[in-house]
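Have a look at the model below.

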Amino acid sequence: MKHSTLFLTCFLLATSCNKYLDIVPDNIATIENAFTMRSNAEKYLFTCYRYLPAHASLSANPSFTAGDEFWFYNPFVGFSAPGWNIARGNQSIVAPYLNYWDGQSTPYIGIRDCNIFLENIHKVKDMDDFEKERWSAEVKFLKAYYHFWLLRMYGPIPITRENISIAAGVEEVKVKRAPVDDVVNYIVELLDEAAPSLPDEITNELTELGRITRPIALSVKALVLVTAASPLFNGNTDYTGFQNVDGQALFNTAYDEGKWTKAAIACREAIDLCHATGRKLYTFEQGISQFQLSEETKTQMSIRNSICERWNSEIIWGNSNSRAAAVQNNSTPPGLDPSNVANSSTLGNLAPPIKIAEQFYSKNGVPIQEDKTWNYSERFKLRTAGADEKYHLQAGYTTVQLHFDREQRFYASLAFDGGLWYGQGRLDDNNQWLIQNKLGQLQSRVSINRYSITGYWPKKLVNFENVVGTGNTYNVQQYPWPVIRLADLYLLYAEALNESEGPTAEAIQWIDLVRERAGLQGVADSWTNFSRQPGKFTTQAGMRDIIQQERLIELAFEGPRFWDLRRWKTAHIELNKPVTGWDIDQKENEGYYRERLLFKQTFLMRDYLWPIQENNLIVNKNLVQNPGW
């Protein structure tokens, strides 16, 4: 199968990224000359790609540091983390953090270059029409995605169908924001125009691996329509009266169930095409090895490698212009290899709070608060692991009840005191690395910038083939960041079906496929047999809760949580909960396993949308600020 990952790394590594992505080559003085030859036009095509958000960047992607999936010590010095100022309530209108509205790399600059490309590609003489149509389709997709990125952040935005002429008058450049529904319709229009001319898969991997394909376009369309149908944008009465200076309403505050129907149709079309082109949920194949792995480890590796294995069958769109190197360094605890404790290349700064650890299911596939066989009130009590836990916990090691009897995604996704870590040079699951995080132990604080403030690490994001080497080397197997994978699309479809038709058998079917890969029973069996709310899955509201938690678990640490909490309008609930971790400065179990308050997050209703920098409103009187700012 030919996978569609964004592998535009420096034009086959022939030049540096900045040089290869120049708009026009050296000695070409005008836009017209940039489109006289195919080779120059191709460089302009890649210029349009360069504005894709850095999905794997800890500094540029708000979903890493601006939400609540990760927390950090204060003051933080590990890497530039402007999003963490947002998470701590320090966003402002004077100089907004992660400001994608302005600046040299804003999507609006990308949209401008996309427009230039679309206006001029027909002039290229040494290209056939088929290739021009394909390249135009790619650029229309990029233009749509840039609008979508801004829509999720700012809500109503100016639509840039064409570039404003340099001869335009002062008033013509003072653009105004378009209503949310108009923005969504324009994005979908671009995607619909692009899709027919895009290839179903990449056939020339050597030169084209990573270019946009039709499955990517249809999957993004599904995501756009699910977002537009969600509570933030569909019938949100909190934005009653939010309008342009001319009185034009920017939000349609009347709920429209038909938006969910459109979203469901788009999801199914994307799924059918993905299946037809060979995409399927990834399962780990052990291959030739001297070690026979347990079923538990195989399941965990299916979960981990659905993210970390390059070009695997589940990835619909991977952005390999933004590859996971720093993410892995900051997800790997220090001192993982006891024989090489001095290695300082693994930082282990990304620290999931306790509430994230609690969101994973019990081994019975239901929330730990609901499982009638799981004592939630005693989750912080100490317990010693037995031999039957040997693939999850170190036998004879004392940790807390919270770490026992959990689903495989819990053990695949999180590392913690007393837990085991497969890979990184140890390929026998009977001899895994042991995580020990109490004061003075191998994974405890070793310097001012090498430790987890909560006592957890996102093991899921680390490729098991990475090796901590001698000296200060850490051999990282990079992978393209998974922007959309098939499990995400299945759960979007289940959500759209539940909202448009209720908790049907078909909606449950798509959730069960994801759960089966995680080693769990289906929704109906799990809730009927183990939940204190056995009929929960039979109601639309109950199924909504189940689908939302399933997404939070399956896609943990990949980014969707940040955007999902906003589109569901639950961020003001989740992001007002305290951020806590273990008392990592303690030596003994009784002291270490005390829940410690790290921060009291505050999320206001205004925080659902980014502020526009106030200077823009001074210069352009047609712009209005987002409510609350």
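The text starts with the helix and moves on to the salt bridges.

This is a predicted model, so local features need pLDDT of at least 70, side-chain atom pairs count only at pLDDT 80 or more, and totals for chains, interfaces and linings use all residues. Residues are numbered from 1 along each chain as its sequence is written, and side-chain values use heavy atoms, with hydrogens and water left out.

Begin with α13, residues 295-308. Helices here are DSSP runs of H or I with at least four residues, strands are runs of E with at least two, and both are numbered from the N terminus. The expected span of a helix is 1.5 Å times one less than its number of residues.

How many residues of α13 are buried? The count is 11 of 14, so the helix is mostly covered. Buried means under 20% relative accessible area, exposed over 50%, and partly exposed in between, with a 1.4 Å probe and protein chains only. Among the buried residues are Met301, Ile303, Arg304 and Ile307. Which elements cover them? The cover includes β1 (315-323), α16 (408-413), β5 (420-421), β10 (480-485) and α18 (505-517). 

Now turn to charge. A salt bridge is a side-chain nitrogen of Lys or Arg within 4 Å of a carboxyl oxygen of Asp or Glu. The whole structure holds 46 of them.

One joins Glu314 to Arg517 at 2.7 Å, N to O. Glu314 sits in the loop between α13 and β1, Arg517 in helix α18. The two are 203 residues apart, so this pair links distant parts of the chain. Glu314 has 0% relative accessibility and therefore counts as buried. Arg517 is buried too, at 8%.

A second bridge pairs Arg409 with Glu407, again at 2.7 Å, N to O. Arg409 is buried, with a relative accessible area of 1%. Glu407 is buried, also at 1%.

Lys460 lies in the loop between β7 (456-457) and β8 (467-468), and Glu558 in the loop between α20 (540-554) and α21 (560-567), so the pair ties together parts that are 98 residues apart in sequence. Both residues are buried.

These pairs belong to one network of salt bridges, which links Glu314, Glu407, Arg409, Lys460, Arg485, Arg515, Arg517, Glu550, Glu554 and Glu558.

Definitions and conventions. Contact means heavy atoms within 4.5 Å.
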